[in-house]
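Have the model open and follow along.

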Amino acid sequence: MELNSFDKQLLNILQAGIQFVPKPYETMANELGVSEEQVLSRLQELKSAGYIRKVGAFFNSDKLGYSGTLLAAKIEPDRVAEVAARINEYPEITHNYQRSGGYELWFTAITNSDERKNQILSEIRALPGVISLLDLYSQKKYKINVQFKLK
Amino acid sequence: MEFSDTDKRIVKALQSDFPICSEPYKKIAEDIGISEEALLHRLGEMKETGILRKMGAVLRHMEVGFKANALVVWVVPPERMDEVAVQMCAHPEVTHCYDRNTAPDWPYNFYTMIHMDTQESCIQLAKELSAETGISQYELQFTEKEWKKTSMKYFME
């Protein structure tokens, strides 16, 4: 399935935000000059086809009493997959990527206490194959805006 | 910060997939046990105060043509950080921009995530960002594999 120009407009609107009105898809349909039914059915198709990762709310973890950090782990080359699988078991670890520069695994942890964060860190440090672990926390988040403008 | 039980129910209901149907908020409000009006009102407040960052969609970037992404880590003098952030954030390809602490063998204190169509265009953009800001010490880290990508589930304990 290829994205046509209608799909791209629809996905751009959907990425920008869903309004807090009783019929938000009707509002989008009006903007696009189509029926609400067309918007709903096409969105279902785009979702099934895998273009949309998630439709929903994205919360600011800091403001919900949670705190997020980025962790980078240096790992023995032949044990990366094994360590990645163990790391993925934590529900607090939401993203985990393998990257190309020295530290093999980069992952985020969102926790609601220092105690829990420290527990996760020490458990990961103790995993076989983990050489070192950096806790790269942030003070200033300048931008978080994941929107892919489709043309 | 304290959240009421209703707030927690709102967060829990909205962190899952948002319904694709004519009256999605009505459906959620019924599940939570509050009125649709109260839900819409509270969501507006949550958006205004920044608790809710965004209500909308995030796409699968590979599928929609942004096939390359790089984490670019920079060494920015602390006194220039705010100004450099403004310059870098002005580029739509920069989706995330954070400061971060350093470590003994890790001098980088400023992070940008860039999403583009090819690795070459990522390299080119990093060059442009460097030229524009005068920050010359940086490194590109391409994603080799995505092991996990989910949304956080809050208030599950």
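Let's start with helix α3 of chain A: what covers its buried residues includes α1 (5–16), α2 (24–32) and β1 (52–59) of chain A. Contact here means heavy atoms within 4.5 Å, and helices (H or I, at least four residues) and strands (E, at least two) are DSSP runs, numbered from the N terminus. The model is a predicted one, where local features need pLDDT of at least 70 and side-chain atom pairs count only at pLDDT 80 or more, while totals for chains, interfaces and linings use all residues. Residues are numbered from 1 along each chain as its sequence is written, chains are lettered from A and ligands numbered from 1 in the order in which they are written, and side-chain values use heavy atoms, leaving out hydrogens and water.

Back to α3(A), which runs over residues 36–48. Its 13 residues reach 19 Å from first C-alpha to last, close to the 18 Å expected at 1.5 Å a residue; that expected span is 1.5 Å times one less than the number of residues. Which of its residues are buried? They are A:Glu36, A:Val39, A:Leu40, A:Arg42, A:Leu43 and A:Leu46, where buried means under 20% relative accessible area, exposed over 50%, and partly exposed in between (1.4 Å probe, protein chains only). An α-helix has 3.6 residues a turn, so residues three or four places apart point the same way. Just after the helix, A:Gly50 takes a positive phi of about 90°.

Now zoom out to the domains, whose bounds come from an automatic or database domain assignment. Chain A gets domain 1 (5–48) and domain 2 (61–136), with C-alpha centres 37 Å apart. Chain B is divided into domain 1 (5–48) and domain 2 (68–142), and there 37 Å separate the C-alpha centres of the two.

Pick out B:Ile10 next, in helix α1 (residues 5–14) of chain B. At 0% relative accessibility, B:Ile10 counts as buried. Leaving aside residues up to four places away in sequence, B:Ile10 touches B:Ile32, B:Ile34, B:Leu39, B:Arg42, B:Leu43 and B:Met46. B:Leu43 is 33 residues from B:Ile10 in sequence, yet their C-alphas are 8.6 Å apart in space.

Further along chain B comes helix α5 (residues 119–133), with 15 residues reaching 21 Å from first C-alpha to last, close to the 21 Å expected at 1.5 Å a residue. Its buried residues are B:Ser121, B:Cys122, B:Leu125, B:Ala126, B:Leu129, B:Ser130 and B:Thr133. What do they pack against? The partners are β2 (68–74), α4 (81–89), β3 (94–99), β4 (110–116) and β5 (138–149) of chain B. Just after α5(B), B:Gly134 takes a positive phi of about 75°.

On to the aromatics. Rings of Phe, Tyr and Trp (its six-membered ring) pair if their centres lie within 6.5 Å; planes under 30 degrees apart count as stacked, over 60 as edge-to-face and the rest as tilted. By this rule there are 13 aromatic pairs over all chains. The rings of A:Trp106 and B:Trp106 have centres 5.5 Å apart and planes at 55°, so this pair is tilted. The pair crosses between chains, from strand β4 (residues 105–111) of chain A to the loop between β3 and β4 of chain B. Both A:Trp106 and B:Trp106 are buried. B:Trp106 also pairs with B:Tyr108, edge-to-face, at 5.0 Å centre to centre and 65° between the planes; B:Tyr108 is buried too.

Elsewhere, ring pairs link A:Phe59, A:Tyr66, B:Phe3, B:Tyr154 and B:Phe155 into a cluster. B:Phe155 sits in the segment after β5 of chain B, is buried with a relative accessible area of 8%, and has a positive phi of about 55° although it is not a glycine. Most residues other than glycine have a negative phi, and most peptide bonds are trans.

B:Cys89 is in no disulfide, and the nearest cysteine sulfur, that of B:Cys97, is 3.7 Å away. B:Cys89 counts as buried at 18% relative accessibility, whereas B:Cys21, at 24%, counts as partly exposed.

Methods:
Disulfide = S-S within 2.5 Å.
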